[in-house]
Amino acid sequence: MSSITDKPINKKGEDLLKVEKYSQALSNFITRSDTPITIGLQGEWGTGKTSLMSLLLEDFNEKNIACSWVNTWEYSMFRGANETTPGVLKGMLEKLKESCESRGVWTLKDESKATFKKVTGFVGNLMNQVVANQTGMNIKEASESLTSSQNSTAEIAEIKSLITGLINDLVNDSKNPIQKVVFFVDDLDRIPPGDAVEVLEALKNIFDIPNCIFILAIDYDVVVKGLESKFGPKTEENEREFRSFFDKIIQVPFSMPTGTYDIENFLVEKLNSIGIQITDEEKELYTKAVKHSIGFNPRSLKRYLNSFSLINHLKEIEINEDEATGDDFMLFALLGIQISYPKIFRLLSQQPNFTNWNKGFGNKFGVEWDNIQEKIKKFGESDLIDEEWEQVAWGACQNDSYLKARAFSVLELLNLLRTKYGEDLEQELEKAMEFAAITSVDDDVETKQAVQKVGNKTIYNGIETKLSQLAEEGYVIDAINNFSSLWKVLSDKEQINSNYRISFAKSGCGFYDDSKGGRGKNQLIYCDNPSKKTLGMKIYFKSNTGLVKKCFELYGTKYNIISSDSYFISKDNDLILESNLYEILGKEKYRNLVTEIANEID
């Protein structure tokens, strides 16, 4: 599997977030509660409301509780606002019948069945409904399903009475074990807020009847938006009116417990399902990256993981071409920043090594330095904003309300990367940015230009152009000369033998023998850019050369490094030369070593 579908769970066995304890508590409460009662599951879109309702449904189907489940968006599509509510009300009754029939507990007598048909026919034909003042309905042609006397008195009270009778007949019938009826009303946050509010009012005025419990997936913010036409935009002065309406509809609010979700378990299982294995030590790192970026919204996390999976497929294609694929966790963290903090990702696209951000860089992107310094003073001493680059990052967050609230999460994540990668931070950032930018969505012109430079692979035309790039990026002359001592030898070989090919990329370079076959078999040498700290390069002398054992023994003995942790044969049978060999051997011996190894290639 390479992707994760955005589907809610349907049974307890799929509960990776460990929310069953909450569903069990709600189930016990509902089983024992008096009726009627309405429970509102609150949480933003994607927080798991439908999954929690599915666990409740599974439990109720094993008890003496009849259930009806409607997805309100199905009754909203291609319909006007005044048709949505009647459609939902009719659907609630029809889904109740279907559910009961599938369980063999739909035991209504003929008279009750006739009443059911009348009610659903009446509600189904309603084209407009006025419930706010409880005076009645615009019944239009709906009267055809009722008698003439009913036609003249068709009001909410009458419909409510008929539905009450139906529910009582079902519950009181000795031929079935049903004691309560639970109506699940899902996806209210997927229909226009005004329609959602109308559905809520209808439920309150029509279905507020004994033996019934309503579980609504609705976020308070949706209710607020739906009531703005009635109360105006919410302010401190009128907030009570919004809350009063909500409290009138919802007797028991239940906020989705996203902060207690078992994200580590969910994350590991989902990564495993898309073919990405992480060690026990890495679990905490990945979980922290989620916490400090997208947070614990399951739907957002699935989107995050799908982006990660896509980029990893691209990495698989590229890995044998130039090897500059970067560390998995670095890519994962950068994607989290890209999704959650586009403005910060925009800065990274301009200068990936965030520890080099300074006052001048900040001013270029609208960070008013003096103003930011004054604001920082109010926080007192803090390890998260005591360095110049941290102050730039914090300042970049201040003009956006969401970023401002999450500024310290941004800094926690960036510091997590700095601590993990240390001296390799810049190199790993550049490698990961080459892939992370592929899924970037940003309409900023400067960012698009930078993404073309950083996000798409940059290939340099020859050794001299590559050396100029290193100089422009601040590498000292010794590091550049170390790099040159290897690649000038290989460049000369490329000129002589047409089978040889060099790819000079942004973060490192590969040497290939295209006569050896396809991808994975033709790379002979790969090395990263020099380390700015140790000045040497990490070099992979590949098993494809057929010379690994010979070179390991010959040059390991000659330079007395055969037992060094910086000179070894990897599990893939490649000879690895770590960048700190330069410090171990010194300038002359190091350059002689890499030159001699390069010359082993015929």
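The protein chain holds 25 helices and 14 strands; helices (H or I, at least four residues) and strands (E, at least two) are DSSP runs, numbered from the N terminus. What you're looking at is a predicted model, where local features need pLDDT of at least 70, side-chain atom pairs count only at pLDDT 80 or more, and totals for chains, interfaces and linings use all residues. Residues are numbered from 1 along each chain as its sequence is written, and side-chain values use heavy atoms, with hydrogens and water left out.

Let's start with the chain as a whole. Of its 602 residues, 53% are buried, where buried means under 20% relative accessible area, exposed over 50%, and partly exposed in between (1.4 Å probe, protein chains only). Now take the contacts with a separation of 6 or more: 69% of them link residues 24 or more positions apart. A contact here means heavy atoms within 4.5 Å.

Next, go inside. A nonpolar core is a set of buried Ala, Val, Leu, Ile, Met, Phe, Trp, Tyr and Cys residues joined through side-chain atoms within 4.5 Å. The largest one has 84 residues, and I215, I344 and W357 touch the most other members. Helix α18 (residues 401–421) gives this core its largest share, nine residues. Pick out I344 and, leaving aside its neighbours within four places in sequence, you'll find it in contact with I337, W357, A393, A396, C397, L403 and V410. There's also a second, separate core of 49 residues, and L108, A196, F207 and I250 are among its members.

A196 takes us to helix α7, where it is one of the buried residues. This helix (residues 193–206) reaches 20 Å from its first C-alpha to its last, close to the 20 Å expected at 1.5 Å a residue; the expected span is 1.5 Å times one less than the number of residues. Is α7 mostly covered or mostly open? It is mostly covered, with eleven of its 14 residues buried.

D187, in the loop between β5 (180–186) and α7, has a positive phi of about 65° although it is not a glycine. Most residues other than glycine have a negative phi, and most peptide bonds are trans. Another one to look up is the cis peptide bond joining T35 and P36, with omega about -5°; P36 lies in the loop between α1 (20–32) and β1 (37–42).

Now for some strands. β10 (residues 508–513) has six of its six residues buried. G508, G510 and Y512 point one way, while C509, F511 and D513 point the other way. In a regular strand the side chains alternate between the two faces of the sheet. β10 pairs in the antiparallel sense with β9 (residues 500–505) over five bridges, and two strands count as paired if DSSP finds at least two bridges between them. A hairpin through two residues joins β9 to β10, and F504 has C509 as its bridge partner. β10 also pairs with β11 (residues 523–528), again antiparallel over five bridges, with G510 opposite Y526.

C67 is buried, with a relative accessible area of 1%.
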